[in-house]
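Subject: Structure for you to look at, with notes

Dear colleague,

I am passing on the structure we spoke of, and my notes follow it. Please read them with the model open beside you.

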Amino acid sequence: MTLDALPVGHVARVVKVRGEGAHRRHLLELGMVVGAPIRRTGSAPLGEPLTFELRGAVLALRRTEASQVDVTEDPT
Amino acid sequence: MKRVLLVGNPNTGKSTLLNALTGAGARVGNFAGTTVSSMRARWNLPNHGDVELVDVPGTYSLAAHSPEERVAIRAIRATGEDAGDVVVVLLDATRLVRSSYLLLQVAELGRPIVAAVNFLDEARAQGRPVDLEAYAAVVRVPVVGIVARQGEGLDALAAAVRQILDDPEAAAAATPGPLHPWPDALKPDLDAVAAVLPEGMQTPADSAWAILSLDDAEAQLGPDLPGAEVRDVLEAARAAGRDPLGDVVAARYAWLDARLPAAFGARAQEGQFSERLDAWLLHPVWGLLIFAVVMCTLFAGLFSWSDPAIGLVEAGFGALGTWVGAGFDVLVARGLPVGLLGDFVVDGLIGGVGSVLVFLPQILLLFLFIAVLEDSGYLARAAHLMDRILRAAGLPGQAFVPMLSGFACAVPAIMATRTLPRARDRLVTMLVLPLTTCSARLPVYTLLVAALFPASIEGFPLPVRPLAMAGIYAFATITAVLAAIVLGRFVAPAHDPEVVLELVPYRIPSVRVVLGHAWRSGMHFVREAGGVILVATIVLWGLLTFPRVDDPSTLLTPDVVVAAEADGRSLDAVAASLVLEQTYGGRMGKLIEPAIEPLGYDWRMGVGILGSFAAREVFVATMGLVYGIGDDADEESEPLRVALRQSVVLRDENPVAVGMSLMVFFALAMQCTSTLAVLVKETRSYRWPAFVLGYMTVLAWVASFLTFQGMRLILG
């Protein structure tokens, strides 16, 4: 699945950051590498951006950005 | 003096640490030749003396794509006079792995490092205290634990830095070089890149840097570096199904995750304070409501709370001018030829200094607000909330606070664009900010609406004057948004990478940091922009003063006297208007008349427009002068309204058409030397302010022309 589909409160692990360019590099350098756990915390009142917790930090990603990240959901 | 560089991710408390170490003496500025802001300060190291502490822009990476990254790597790599003697890498104890990712890159550059781990208290409170000794064994540099906000651990930090500065052996021990090995699978690509890099730049770390720096088609390595050749190597690797960029980042994180297992993937537990607070502050209803209240408070503060202080500055300088003027009058009465000098000192010099300091209340207040919002963590939420809306204008959520401030005054608003993380966004915001309806336009609109618009039009159901007022605000706002879209697409330089917004934890703002921030911003303005504004005020004073007429009453011909007496105007005021007419400014008004005639203006309005370059509201007083009503007429002055209306009617023009055209002109034209002065300082160029002056003047002329001619057709 892709990150934008992760329900609020659920935890997943990063499989791959697709896309290319500076934005992909930025996400990788924030620690979004293979195996890193990531949790969906919510979204902004107007529906976007979506918020995720990665390595202790809460990051705001737009839907198109989040859809570039492949994840597998952790069994709960 | 030795130099210490302060490097770290954004929001790791660098400013707080700088404040705690150096007090209020820090100076804000830009890094040479860039729009990236910097702070430097003198740090008194016990048992060593003063060193210069440089705050390097917060960054996650030292690749060379974004301006901040370029500035950071240039600062750390610099040799000779600009070299840093020690690099203090500030780390966040609650995000230790990510902070350490930056430390790995600094280590590769071969400078002595002190690792300062901040927010130890928060990590403790989260139940994940950092074992500093174990951490030091991993990163092989001196490690100091600090809580910058409370001043904890600063002595130990000073001692560690001093030891490196004074003891070459300690410096060598603090310079570990590359900390991690590269995986075998990546080595062929690193070697291939090294093969095209110049001599002296062929280590695997250099290759890794080049790979990360060339992350997309617009990225460049820098002058004298073979960017195109490296790009070819990378294309070949990608064509073969490899991903060198991803592998470089993954290799570093894998090394860190293996050595800092407790911190790997460490998540702030659900239900932490910040998350609970966000449930309210980002709530679809309450969140937007609270946001509206916070922003209204900020705007009310800028718009009206600053008024008493502004009034105080104006009254103070007015009184000073009167007092000094009276002194000169005494000297003139004794026959000393100091009349001109007196005018210069009172109107040029004292008035000029006053016109600089009059901005201070709003600047101090805005930066006080911004510092509180930023330090508390709410500024990030404000950007998050507004992102969706501002994206329509091609701007990020962070542009909201500067744009809102622009409705009070563009000068502090342009300074507030420093909070935008991306240089490109900052530039676009600065270019369109002068279009927002600042409070200086309000007296102009008030005069024009009252003088030239009827209270109602037959057959038109809505009240005309309030509608004109609301209409011009809406018009200017829509124009600013459109300008942001157009300029962002065609004018702003190559898009540097977007920065992911981080919702930093809520924290209680530190009074020291907040006051320091506001104070530095105020001083920065006075020091940087003050001189230019002062000179501009004096030049405008000169234009509307020379050539001088020693005895204005000689200009009063019998015809003029008869006409003035019939209108009941004072002869002094009429004489003053005749003096103004023959000054260079008055002549320029007549000179530009052919250019402004198609907009519906006469030379008098031209003089008013010229005068308004000092500040837009000066239009009102200048018009008072031109019409011979006196220079103390304000926008409520009935004689001024009548005179303005009459002059339009006498020219057989429709007052509404002229009024709308003038309002459109004031909405769009760049008549504010203070804004231009601040733009010069904040963009570090004359090109961009010249561009703003150019595009806004053209826009204003064309729009006013269309408005006037269109309204003439409609209204007949």
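Which residues have the most contacts inside the largest nonpolar core? They are B:L6, B:V7, B:V88, B:V89, B:V114 and B:A115, in a core of 236 residues, where a nonpolar core is a set of buried Ala, Val, Leu, Ile, Met, Phe, Trp, Tyr and Cys residues joined through C-beta atoms within 7 Å. Helix α31(B) gives the most to this core, with ten residues.

Before going further, please keep in mind that this is a predicted model, in which local features need pLDDT of at least 70 and side-chain atom pairs count only at pLDDT 80 or more, while totals for chains, interfaces and linings use all residues. Residues are numbered from 1 along each chain as its sequence is written, and chains are lettered from A and ligands numbered from 1 in the order in which they are written.

Chain B as a whole

The secondary structure of chain B comes to 33 helices and eight strands, helices (H or I, at least four residues) and strands (E, at least two) being DSSP runs numbered from the N terminus. Its C-alpha trace spans about 100 × 60 × 50 Å along the principal axes. Of the 716 residues in chain B, 48% are buried; a residue is buried if 20 or more other C-beta atoms lie within 10 Å of its own, exposed if 12 or fewer, and partly exposed in between, with C-beta atoms placed from the backbone. The domain assignment, which is automatic or from a database, gives domain 1 (3-173), domain 2 (184-259), domain 3 (286-425) and domain 4 (441-493 + 532-547 + 583-715). The centres of domain 2 and domain 4 of chain B, taken over C-alpha atoms, are separated by 55 Å.

Around strand β5(B)

Strand β5 (residues 86-92) of chain B has seven of its seven residues buried: B:V86, B:V88, B:L90 and B:D92 point one way, and B:V87, B:V89 and B:L91 the other. With strand β1 (residues 3-8) of chain B, β5(B) pairs in the parallel sense over five bridges, pairing being counted if DSSP finds at least two bridges between two strands, and B:G8 has B:L90 as its bridge partner. Six bridges join β5(B) to strand β6 (residues 113-118) of chain B, again in parallel, and there B:L91 stands opposite B:V117. Leaving aside neighbours within four places in sequence, B:V7 is in contact (C-beta atoms, placed from the backbone, within 7 Å) with several residues, among them B:V87, B:V88, B:V89 and B:L90.

A covered helix

In helix α28 (residues 603-611) of chain B, nine of its nine residues are buried, and what covers them includes α25 (571-581), α26 (584-591), α27 (593-596), α29 (618-626), α30 (638-650) and α31 (655-668) of chain B.

Where the chains meet

The contact between the chains takes 37 residues from chain B and 33 residues from chain A. On the side of chain B that touches chain A, α11(B) gives the most, with five residues. Strand β4 (residues 57-61) of chain A is joined to β8(B) by two bridges, and these strands run antiparallel, with A:A60 opposite B:L501.

With best wishes

Methods
Two residues are in contact if their C-beta atoms, placed from the backbone, lie within 7 Å.
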